[in-house]
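Dear colleague,

Please find below the structure that I am handing over to you. My notes on what was found in it follow.

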Amino acid sequence: MSGTSSTKPAPQSRLAIHTITTKPWGLAEAVGHYAAQGIGGVSVWVEAIEGMSAGEAHRIIDDAGLRVPALVRGGFFCDAAASQRQARVDHNLGLIETAAELRAEMIVLVVGAVPGEPLDRQRGWVADAIDRLRGPAAAAGVRLAIEPLHPMYAAERSCINRIAEARRICERLDDPIVGVAVDVYHVWWDPDLSTEIERLGRDGSLFAFHLCDWRVPTRDLLNDRALMGDGCIDLVGLTRQVRAAGFTGWDEVEIFSDEHWQEDQAEFLERIVRRYAAIDQQAG
Ligand code: ZN
């Protein structure tokens, strides 16, 4: 494994990076740099493997000695037309196959939303869609992680905005293949965050932990995520909480930022590793 050479930094065995974080790099270049920093995992965005087969992508990642926490992202289940909802389920079935070929542990589900439909009704569509995916997902050995998105995305991207709504779907389906991805960017403001994290941990539903920071003021609602430590989120406290809840999975850095994409990506990655190491150490 290239990450264990004595000339390189100590392995960040729990740390994974989402390919979108270093979007200017192609997959091979990204995993080469990640491995050289001792990073243990890469969460693969669908866009990062366009033009190659999932098997080819798996070989590139495996050769670099990395694992794949997640394929990002499936979902987008909501549409007023039943035929469209069926098409979305079919698309996600294909993503389950892709994830299996990538040896990804899970698919992150951004569940979708459509303006003008009651959010409660849409959450029913989401539960129905995941209900139909869970059998094939279990057969493929790929977990399904529902990611609540910040309420600023409730109209068009996600009708699930708090952990509580994601948890209720998990409870309704009652299947160990279905859980929740906790992304600090989306849920840091939730007054019930601590109790919901504890509850997910107790239920075995805490599948993923995504790290970045909330810039103040935020200049763009999508592409202005901040590097950990450059925003207002209590990342040490949250990392402590997920660990206290029994979470032993990956700490995944997921930053999409027009500003950081313009920087030297190798230097940016070094800063990510340093900031993560400080959080990891303080969180204990
Ligand atoms: Zn995320």
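**Notes on the aromatic residues, a cavity and a helix**

At 13% relative accessibility, W214 counts as buried; buried means under 20% relative accessible area, exposed over 50%, and partly exposed in between (1.4 Å probe, protein chains only). This is a predicted model, in which local features need pLDDT of at least 70 and side-chain atom pairs count only at pLDDT 80 or more, while totals for chains, interfaces and linings use all residues. Residues are numbered from 1 along each chain as its sequence is written, and side-chain values use heavy atoms, with hydrogens and water left out.

W188 has 30% relative accessibility and therefore counts as partly exposed. Rings of Phe, Tyr and Trp (its six-membered ring) pair if their centres lie within 6.5 Å; planes under 30 degrees apart count as stacked, over 60 as edge-to-face and the rest as tilted. By this rule there are four aromatic pairs. In the pair of W188 and W214, the ring centres are 5.9 Å apart and the planes stand at 50°, so the pair is tilted. Together with Y185, W188 and W214 form one aromatic cluster.

Which residues does H186 touch, leaving aside its neighbours within four places in sequence? They are E147, P148, L149, H150, Y153, N161 and R225, where contact means heavy atoms within 4.5 Å. H186 lies in helix α6 (residues 184-187); helices (H or I, at least four residues) and strands (E, at least two) are DSSP runs, numbered from the N terminus. H186 is buried, because its relative accessible area is 4%.

A search of the whole structure finds one cavity of 30 Å³ or more. A cavity is a set of points, on a 1 Å grid over the protein atoms alone, where a 1.4 Å probe fits but cannot get out; lining residues have an atom within 4 Å of a point. The largest cavity holds about 100 Å³ of space, a volume being the space filled by probe spheres set on the points. It is lined by 14 residues, and those closest to its centre are R73, L149, H186, R225 and F256. The elements that give two or more residues to this lining are β3 (70-75) and α6.

Finally, helix α8 is mostly covered, with seven of its ten residues buried. These are L235, V236, G237, L238, T239, V242 and R243. They pack against β1 (12-18), α6, α7, β7, β8 (251-253) and α10 (265-283).

Yours sincerely

Note on methods: On a 1 Å grid over the protein atoms alone, a cavity is a set of points where a 1.4 Å probe fits but cannot get out, and a pocket is an open set with protein on both sides within 12 Å along at least five of seven lines; lining residues have an atom within 4 Å of a point.
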